[in-house]
Amino acid sequence: MNFTLTQKLNSVLKFLNSQRLIMIILALIFFSQLSFYWPGPIEKPVLFVSRQIPCCGSVYMKEAKALPGIGNFSKYQLAAPGFLCILQPNGDIDTLVNGANQTVQSLQLIDISSPRISYDARKVVFAGLKNGNYKEGSLSTKNAWRIYVININGSGLRQITFDEIPLDLNQFNPLATAVLTGVDDTHPVWLPDGRICFSSTRFRDIAMYNLTRTTNLYVVDEDGKNLHRITTEKNGADKPEIDPLTGKIVYSRWWRNFYWPYDSMHQQAHPEYQEGWLYKDGMTSDLNSVIEEQMFMFNNNAFALTELNPDGSGLKLFSGHYREISSNSVYGGSFDADGNFIGNWFPIEHQTESSGFGGIRKYFRGSGRRPVSLAGTTAYGNLDYYIKDPPSYGIFNGYYAAEPSVGLDGRILYSQSKDPGQDYGIYWMNSDGTAKTLIYDHLGTTELHAQLIEARPLPPIISDQIKDQASLLPPKDINDLRKDGSFEFDCRNIFYNSRVDDGIIAAPAIGGLSSVRFFASPLTKEQFGSLEMLNFPMLYNEIAVDDFGRVLEVGAPANVALFEQGRTSQSLGYKISRTGGGIMDGAAHVTGFNFGKPGQKVSCVGCHAGHSLIPVPEDPEDLFFHNIAPGAIINTSSSMNAPGYLIDKKNKHATHHWFTPESVSPQGQWINLKWLAPVYTKSVVLHNIPDTNRAQVKSCTIELYEDSSLSKLIKSIQSPNPLSASGTEFKLEKVLKIQSMRIVFNDVKGGIYHWNAATLGEIEVIGSIVHPNRFIEVLDCKGKAYGSHRTDSCGQCLLPEDPKFNDCLTSEVDINQNNHLDDLTIVPNPSNQKISILYNKELTATFTFIINISSGKKNLVFPDCHLGICSIGLQDFPPGVYMIEMNFGGQCKRSKFIKI
């Protein structure tokens, strides 16, 4: 219906009187100050909500108002009456739900939050609050927010989620039951298959900060059936969105773990809480005791973008860049057509002490790029607090922006407020943040969640593969951990590092990680709030790292909040492994929580902060050969900056580079790297600093040593040309086993500041922890690492899905004679470009026949062989089935492969 300003004021007054929440004088003052901005030009209708502006938006500034519906501080906050409206291009406003006029038809709704339009633009899903007697307070849950759907024309309002059947909460601390009683549902979004995903407190847990209820994601059919939980977060899962490119759910995940890493394994009870611990199982509840006093590395307390499939599988980080907590922090938003995330940034990242006062930034998938600011307050800057004494933490001078929604034309609708009163109106801006234009503002209320009413392309539909539904309550104790089954965690190479300038922190040093300890942290009877000394995690498993850097856990408890901690060997003190590449930026201790679904297989490399962003290589050479320089111990002949900057995986993204002091001649200066264990190296890459006009290495020498003391020189390499800022690679003729290396500067041009200096941007050493001859130990028949190895009845290296499986060869070629597959393996198989022949290192191949099985034609081939591996290009071979025959000192070895 059309809803005029006068009607809105009358409805608000009627609502306030019916609630007995306002005195007549205050009402007159309030309404006398209301003003109205007419809308700017729009071409399509705009859906939005209009709500009251709650008080008390920050614990640090009493004058500040709140931004309702956002974060732990205000997502359940009462801001009634709320109105779900449509702004028409001619300026008319149609009201779909009038929160000031409760009727049977309106289902007694008084407040509306977080509406989302369906892909066909015919329906709206939103969170609604019915009339009731609610306790005031920013952090208070209302236990009555539920999910509703309404047609875009205002008809067909219906409730989707309802009060749950009462649960027996006796497994929790009696002091916690009051906190855990009741549930709230909010932040709904349409899945491409028509179901609805939303955030809820239905799974009982208490987050690790400020006595906040844990939220998780749920999925439900539009008719309210098949309601089930898909995440098991310890802290929070809010604001789900759908990736338009993949169809996956991308949500804001509260990353927090207040069980901090500690080297010592001694146990000490907490002096104040009888059931609590100060030190236990290599962790501490005292942040001041964290390893090497590096609090900032472990005190993560922010929301980060995370993705998963609609059945809860496939959990991984969506966007992140090194350990930049503030830069990575994001709480909800909208995707653009390119798959970038236009998201909310708020200055108190955990959002339990304030509500709003932030801005909008563009976040990029993966780890290669930092976010870009678009509107509002998007950084701490010079800490220009709105109030200086006492400081208004989280509230800075400037204007504020929130709740972006990207239209099909790329422009962004969003809400903007000029001051901490947080009276938001609706604005347009271009995709780059320019041309900000006011569209609509009704002063005295806050207009949020603006979206163009337009049909959008349907993202890919991902069918559920995991059907088992999660339990309603967490496990009671360690014996109950696997009540929902288990999943498989497969870290393929825990020492794996991403490429230089990719924003993923370094893995632990090779030789510096011996085992991984596995912890579960369900809410148990000890905890009654957010007290770090209580409810210490359950250490349920410890697994040794094998020769290939693999950690395989086949029985990880499903649907339980989990985290891991890596330890060195006993000979190295059984300490927590450090990470960072020369400059410590963390440790092998997960500073948040993960979970897995029953029957799921989770594979990763590195398997630490952000490593889920790295695709798991199937080719063994790509899996085991990577940059191992960050795991080296480094020292230099002289330094102005820490030598660790040489192996921190940053060059063009670096804020610091290593260089020599003013009083030292750059010629003859050196850099030493050594590893805790021998490594197998095939190349070295040296990066000049990004500005080659400022300083450039014109000539240097690379020396490779067999031992860690740099006494047994294996090879010396001279650089023939100046080094490139993008990296100059020095390939070795064959893989060498080394344990240390030295780089010596021969000729340097320019320097840092006003003096000539030896300097480098980054060092890469491409190596493996195992010799390539051993790759065969972890290959399947297709040459994929850690696959299931199967052969057909003919003894051929094929998998059952291969069309040639059990297709035995004709009698024209005798495949059984001397066919020792243990000594001869072909990977990949099938192949279309190249095959690699892996054979017993004790044997030496002299020549090879390739036999076309269809024609019986034989071709003599001279492969490229070294260290037990031969490579043969297949470009000149037509598709078909071939037999390969190799001779080893009179012995004949045969095997079959397919050219596709």
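Strand 39 (residues 633-636) and strand 41 (residues 670-687) run antiparallel and are joined by four bridges. Strands here are DSSP runs of type E with at least two residues, helices are runs of H or I with at least four residues, and both are numbered from the N terminus. Two strands pair if DSSP finds at least two bridges between them. Within this pairing, I633 stands opposite K674 in strand 41. Now look at the two sides of strand 39: I634 and T636 are on its covered face, while I633 and N635 are on the uncovered one. In a regular strand the side chains alternate between the two faces of the sheet.

Before going further, a word on where this picture comes from. The model is predicted, so local features need pLDDT of at least 70 and side-chain atom pairs count only at pLDDT 80 or more, while totals for chains, interfaces and linings use all residues. Residues are numbered from 1 along each chain as its sequence is written, and side-chain values use heavy atoms, with hydrogens and water left out.

Let's step back to the whole protein. It has seven helices and 55 strands. Of its 900 residues, 60% are buried. Buried means under 20% relative accessible area, exposed means over 50%, and partly exposed is in between (1.4 Å probe, protein chains only). The protein exposes about 35,200 Å², and carbon and sulfur atoms supply 50% of this area. Accessible areas come from the Shrake-Rupley method with a 1.4 Å probe; for residues, only the protein chains shown count as cover. Contacts (heavy atoms within 4.5 Å) tell another part of the story: among those with a separation of 6 or more, 67% are between residues 24 or more positions apart.

Next, the cysteines. Which of them form a disulfide? C604 and C607 do, with their sulfur atoms 2.0 Å apart; the definition asks for a pair of cysteine sulfur atoms within 2.5 Å. The structure holds one disulfide. The torsion about the S-S bond of C604 and C607 is about 110°, so this disulfide is right-handed. Both C604 and C607 are buried. Is C56 buried or partly exposed? C56 counts as partly exposed because its relative accessibility is 38%. C491, in turn, is buried, with a relative accessible area of 0%.

Now let's visit the charged side chains. A salt bridge is a side-chain nitrogen of Lys or Arg within 4 Å of a carboxyl oxygen of Asp or Glu, and by this rule the count comes to 32 salt bridges. One of them joins the side chains of D193 and R195, at 2.9 Å from N to O. D193 counts as partly exposed at 36% relative accessibility, whereas R195 counts as buried at 12%.

Another salt bridge is formed by D243 and R365, whose closest N and O atoms are 2.9 Å apart. This pair links distant parts of the chain, 122 residues apart: D243 is in the loop between strand 13 (236-242) and strand 14 (249-256), and R365 is in the loop between strand 23 (359-363) and strand 24. D243 is buried, with a relative accessible area of 0%, while R365 counts as partly exposed at 33%.

The side chains of R774 and D547 also meet in a salt bridge, at 3.3 Å from N to O. Here too the pair links distant parts of the chain, 227 residues apart, with R774 in the loop between strand 47 (762-768) and strand 48 (824-827) and D547 in the loop between strand 32 (538-544) and strand 33 (551-557). R774 is partly exposed, with a relative accessible area of 28%, and D547 is partly exposed, with 48%. Elsewhere, K123, R158 and E222 are linked in a network of salt bridges.

Our last stop takes in two loops. D419 is in the loop between strand 26 (412-417) and strand 27 (425-429), and counts as partly exposed at 24% relative accessibility. Which residues does D419 touch, not counting residues up to four places away in sequence? D419 touches Y386 and Y400. The C-alpha atoms of D419 and G398 are separated by 7.0 Å, although these residues are 21 residues apart along the chain. Y393 lies in the loop between strand 24 (372-376) and strand 25 (400-406), and is partly exposed, with a relative accessible area of 39%.
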